Amino acid sequence: MVNVVVFINEKGGVAKTTLSVHAAAGLADMGQRVLLIDADAQGDATIALGLEKEPCLYDLLIRDAEFSDVIRQPDPQCYLRPGTEQPGSLMLIPSNLETRGIATNMGSNLWTLRERVEELEGLIDTVVIDTSPTPDVLHGMIYKAATHIICPCQLEKFSMVGLAETLSRKRIADTERVGFNIPASQLIGIQPVLYRARNKGTGITIHDHNLKTLLDEFKRLTWPSIPQRSTFAEAAEAAMTVWAYAPKSETAQIAWTFVERVQNGIAA
């Protein structure tokens, strides 16, 4: 069965796209055959890999297009580490504003995405899905396709609320999971992002306080925080991963350590 790793939080600005792109690119760098699905109508994951927005996800799910007609291939120099000797492959299904119409036109079959993904058995090792912050019926379809779920979370109030709502909706989706022989969706990690540590002598920050809250509630699932770094924004501006843009930077190492956590979470 194809692994489907979903990045989701019902709050914008929590680095879902950054993490999705780096997870997909990193797994490809490790030798996997990876398909990144941009399921956000804003198309940020598409842009992040230097490609044009297109209605490819809509075509796949609503117009029943063939995968060969909707898959695009980013330039490997945009996402691989310099000197990678035996990379796998990274492919992308782009998105655009038509993605918003999927929820309206998809009908009642929430298994469509999972069924389409199963067509890739033996061709793709891992599918990574970047999602929008706005919950709709498409999210239900994505939950049912997922084998692994990662929730990015900024350590601030609205992101924490979004995390709580996301996890609540996941539990509802799981209770409806019947009649399809796949494992239940697995929440493998809550990834704190944009973390700002306290300065020495200034006391506990709101980020420290909210991180403690996360650890108290989800200690086993909460991954080490990813600090706020301008290199992520600079790399995004160049439509590159941080290890392709600044391979010797501390940020590149931070991002690579995150990919290793994703790989371990999938393998567990």
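Reader: About how many helical turns separate R114 and E118 in helix α6?

Author: Keep in mind that this is a predicted model. R114 and E118 both sit in helix α6, 4 residues apart. That spacing means they are separated by about one helical turn.

Reader: And how far apart are the closest N and O atoms of R114 and E118?

Author: Side chains of opposite charge can pair when their charged atoms come close. R114 and E118 do form a salt bridge. Its closest N and O atoms are 2.3 Å apart.

Reader: Is R114 buried or exposed?

Author: To count as buried, a residue needs under 20% relative accessible area. R114 has 0%, so it's buried.

Reader: Which helix holds R116, the salt-bridge partner of D64?

Author: The side chains of D64 and R116 meet in a salt bridge, at 3.2 Å from N to O. This pair links distant parts of the chain, 52 residues apart. D64 lies in the loop between α3 and α4, while R116 is in helix α6.

Reader: Is D64 buried or exposed?

Author: The cut-off for exposed is over 50%. D64 has 56% relative accessibility, so it counts as exposed.

Reader: Why is strand β6 largely enclosed by the rest of the structure?

Author: Look along residues 186–193, which make up β6. The strand is largely enclosed because 7 of its 8 residues are buried.

Note on methods:
Residues are numbered from 1 along each chain as its sequence is written. This is a predicted model: local features need pLDDT of at least 70, side-chain atom pairs count only at pLDDT 80 or more; totals for chains, interfaces and linings use all residues. Side-chain values use heavy atoms; hydrogens and water are left out. Buried means under 20% relative accessible area, exposed over 50%, partly exposed in between (1.4 Å probe, protein chains only). Helices (H or I, at least four residues) and strands (E, at least two) are DSSP runs, numbered from the N terminus. A salt bridge is a side-chain nitrogen of Lys or Arg within 4 Å of a carboxyl oxygen of Asp or Glu.
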